[in-house]
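Subject: Handover of a structure

Dear colleague,

Please find the structure below, followed by a summary of what was found in it.

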Amino acid sequence: MHMAISRTPYRISFFGGGTDYPDWYRVHGGAVLSMAINKYCYITGRHLPPFFGIRHRIVWSHIETVGAISEILHPAVRAGLQTANFDDEEGVELHHQGDLPARSGIGSSSAFAVGLINVLHAMRGKTIDKQELAQEAIDLEQNKLKETVGCQDQVASAFGGFNVIRFNPNGDFAVDPLELSDEQRNEFERRLMVFYTGTSRLSTALAKQLVSNFDEKTKSLKQMQAMVPEAVAMLRRGDFDSFGRLLHETWTLKRSLTNAISTSTIDRIYDDAMRAGALGGKLLGAGGAGFMIFVVPPEHQPRVREALAHLVRVPVHAEFTGSTIIYRQE
């Protein structure tokens, strides 16, 4: 019997989001600047002993007790178990816990897929490297579940770190760590303010709309992709104010990709933060709801905190371990 617990980080995407969808990078190539954060999705997996009158128990926002894997409602769990060749001969028990709410723009679905695949391999007594882990999570979401999702979230959660992730037209990807000094990274993190808007959403419809607009929005997406090396250069020379202003530019472009990316509530929050001293910011993820990030000079942060006092603030730092098996019992 194997029992294991995986811990998988969520991520913040700063620049290049949208260019990580296959419909884009298979034609133009893609690149994103992304940072895994010290907030996690935990998945506990074990073989369920045959004493409870059920075959499988899956605990997420529901508790599922079923007699067959095919009866599991959670689509990623059902497809993940089937893909990993688990069957009904031996029971499975999976528990999911997350530090942050699902469907909120911090890559929670992909972190779940990465953590699930990692823990299923560990239950078989196997270890999978980060490249394979990311590729299997992409395959699960895009090919098995037929979801319209990009590829940056799976890579960021599998690898961890503060990286440029490049997507090649042949389907390969490469992870280039920024390798900032601890002092540079700490100074950058001091300027980040992350707030939860209190709402969540299903991103699938938004993502389909985004992909259908690629031809019409080619110029904007190329501009967003070109900001990735520009932002990296700013970070490396410690020009965090310019980084914040560039984030404002990319948010302006992102808002133009579809009319569903922002809402009147999101716009009001953004304007309040900017009036209080933020240099730039954006809504994380596909859009519509969830977490927002702002770059704010430390001396202006009390005013931004006061302006957004009705929202939950979440302190974040970069994390560098990626998806990890933090407990394993054989």
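How much space lies in the largest cavity? The answer is about 40 Å³, where a cavity is a set of points on a 1 Å grid over the protein atoms alone at which a 1.4 Å probe fits but cannot get out, and a volume is the space filled by probe spheres set on the points, joined across faces, edges and corners.

The model is predicted: local features need pLDDT of at least 70 and side-chain atom pairs pLDDT 80 or more, while totals for chains, interfaces and linings use all residues. Residues are numbered from 1 along each chain as its sequence is written, and side-chain values use heavy atoms, without hydrogens and water.

Lining residues (an atom within 4 Å of a point) include Trp 60, His 74 and Phe 112. Strand S5 (91-98) gives the largest share, three residues. Strands (E, at least two residues) and helices (H or I, at least four) are DSSP runs, numbered from the N terminus.

Helix H3 (108-123) also contributes to this lining. In H3, 14 of 16 residues are buried, that is, under 20% relative accessible area, with exposed over 50% and partly exposed in between (1.4 Å probe, protein chains only).

There are 12 salt bridges (a side-chain nitrogen of Lys or Arg within 4 Å of a carboxyl oxygen of Asp or Glu). One joins Arg 166 and Asp 176 at 2.8 Å, linking strands S6 and S7; Arg 166 is partly exposed at 39%. Arg 185 and Glu 189 form another, at 3.6 Å, and both are buried.

Yours sincerely

Definitions and conventions:
1 Å grid on protein atoms, 1.4 Å probe; cavity = no way out; pocket = protein on both sides within 12 Å on 5 of 7 lines; lining within 4 Å.
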